[in-house]
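Please look at the model first, then read the points below.

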Amino acid sequence: MSHTLALCRFLAQLDYEQLPQTLLARTEELYLDWLGSALASQGMHPIPLFERYAQKMGPGSGPAQVIVNAGSSSAYFAALVNAAASHLVEQDDLHNSSVLHPATVVFPAALATAQDLGKSGRELLLASVAGYEAGIRIGEFMGRSHYRIFHTTATVGTLAAAVAVGKLLGFNQEQFVNLLGSAGTQAAGLWEFLRDAADSKQLHTAKAAADGLLAAYLTADGLTGARNILEGDQGLAAGMSQDAQPSRLSAGLGSRWALLETSFKFHASCRHTHPAADALLHLMQREGLSAADMAHVQTRVHQGAIDVLGRVKVPATVHQAKFSMGTVLGLIAVHGKAGLTEFHELALSDPAVASLRDKVSMTLDPEVDDAYPQRWLGRVTVTTTDGRTLHGAIDEPKGDPGNTLSRVELADKFRRLCQFSGARTPAQADALIEKVWNLRSAASMAHWL
């Protein structure tokens, strides 16, 4: 377990003064992006179910704020609801090589704990960095085979959330070892829900954030956990992976800031659809194509895209439509964008989108598959109604680190997310943006919202 120990030592010793300014700025940007994703889900199924559960089982009020209803609860139930809320509209971040959505599990647990303990904005940022750095490395360690069956954000997300809370609780190396054991033994979340358009994806993130918090608070009180939960013979990798790489746990600690590699989402859909969507957009603009010109669209993809998106043929819900390659490309081809409004108003009802959807296929491409998950390449081939064969390609989807969203674009996205749900007025949205850009100076996160 040498790599696990190295990771725990790094987490225990990580200090705010070690964090580069660029890293702190990017953490604030990721936080704003997460907050917007949570606010955009206000009132949307199944989030009220999580709210009602928290109200029934938890205290009527507490030190931690519930973002979607402006209420409050214990840290545990606030983390539960906020994590469910921020993973619904498919606008939260993704780290490519770990195939992990860090924000939706790290920030809910970290914010709830920071509010519970009266921690500062600096302390929240430090804890969030720790959660990202640990979660991303554990996701990379688990390998591609893990993601085929398990939803990494649910499984690895439990450990990422736990680490963020453990950092706020001031854990030493030994406590982090125990913490990973107690978080890892709870890790769960399977992809089977996609076949049925079930609501499990929100349950996955809710439980990951809340169970990570649970593991940390119990560890602080003396609970012990399996010491070798990651690398052990009966540990996480042994049960959930065929290609685990232990060295990924400790690679580049303190020199490689994995958080900086995290991508923002431009389209409001599963990230596996984004490379093809951007490649099709590029091809349409280059060739002056419209949906009416397309007889067939072949997307050349990595195996992970087939494993996840191949489950959805004809989507039954808006959320399932976000996992349909044909629907996403139909929205792109017919309406030029695949945003929240397009999904909710057109994805299931527009016959032109359905017509294009049925013309889309996915094919495994060796070049694209070899590059994945470090790089998510977009390749499409369009056969036109007049018999031409046209190719579109992009190497960095919009939102990737090399093609990222600026602060101006992120602020604009945040305003759109707030407007979509009506969760905040334009003036309130602008005020929140300013608060996030000044997160480092927040003396206390209590009542921050």
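Contact here means heavy atoms within 4.5 Å. The model is predicted. On that basis, 26 residues of domain 1 are in contact with 20 residues of domain 2.

**Layout**
- Domain 1 is made of two segments, 3-264 and 410-441.
- Domain 2 spans 271-394.
- The centres of the two domains, taken over C-alpha atoms, are 30 Å apart.

**Buried area**
- About 2,100 Å² is buried between domain 1 and domain 2.
- Carbon and sulfur atoms account for 62% of that area.
- On the domain 1 side, Arg144, Leu194 and Phe420 together supply 29% of the area buried against domain 2.

**Polar and charged links**
- The domain interface holds 1 salt bridge by the rule applied.
- Arg144 forms a salt bridge with Asp369. Their closest N and O atoms lie 2.6 Å apart.

**The domain 1 face**
- Helices H6 (121-149), H9 (200-220) and H18 (407-421) each give two or more residues to the side that touches domain 2.
- H6 gives the most, with 3 residues.
- By class, this side of domain 1 has 13 nonpolar, 6 polar and 7 charged residues.

Note on methods. Residues numbered from 1 in each chain as written. Predicted model: local features only at pLDDT ≥ 70, side-chain atom pairs only at ≥ 80, totals over all residues. Heavy atoms only, no water. Domains from an automatic or database assignment. Buried area = accessible area lost by both parts, 1.4 Å probe. Salt bridge = Lys/Arg side-chain N within 4 Å of Asp/Glu carboxyl O. Helix = DSSP H or I, 4+ residues; strand = E, 2+ residues; numbered from the N terminus. Nonpolar A, V, L, I, M, F, W, Y, C, P; charged D, E, K, R; others polar.
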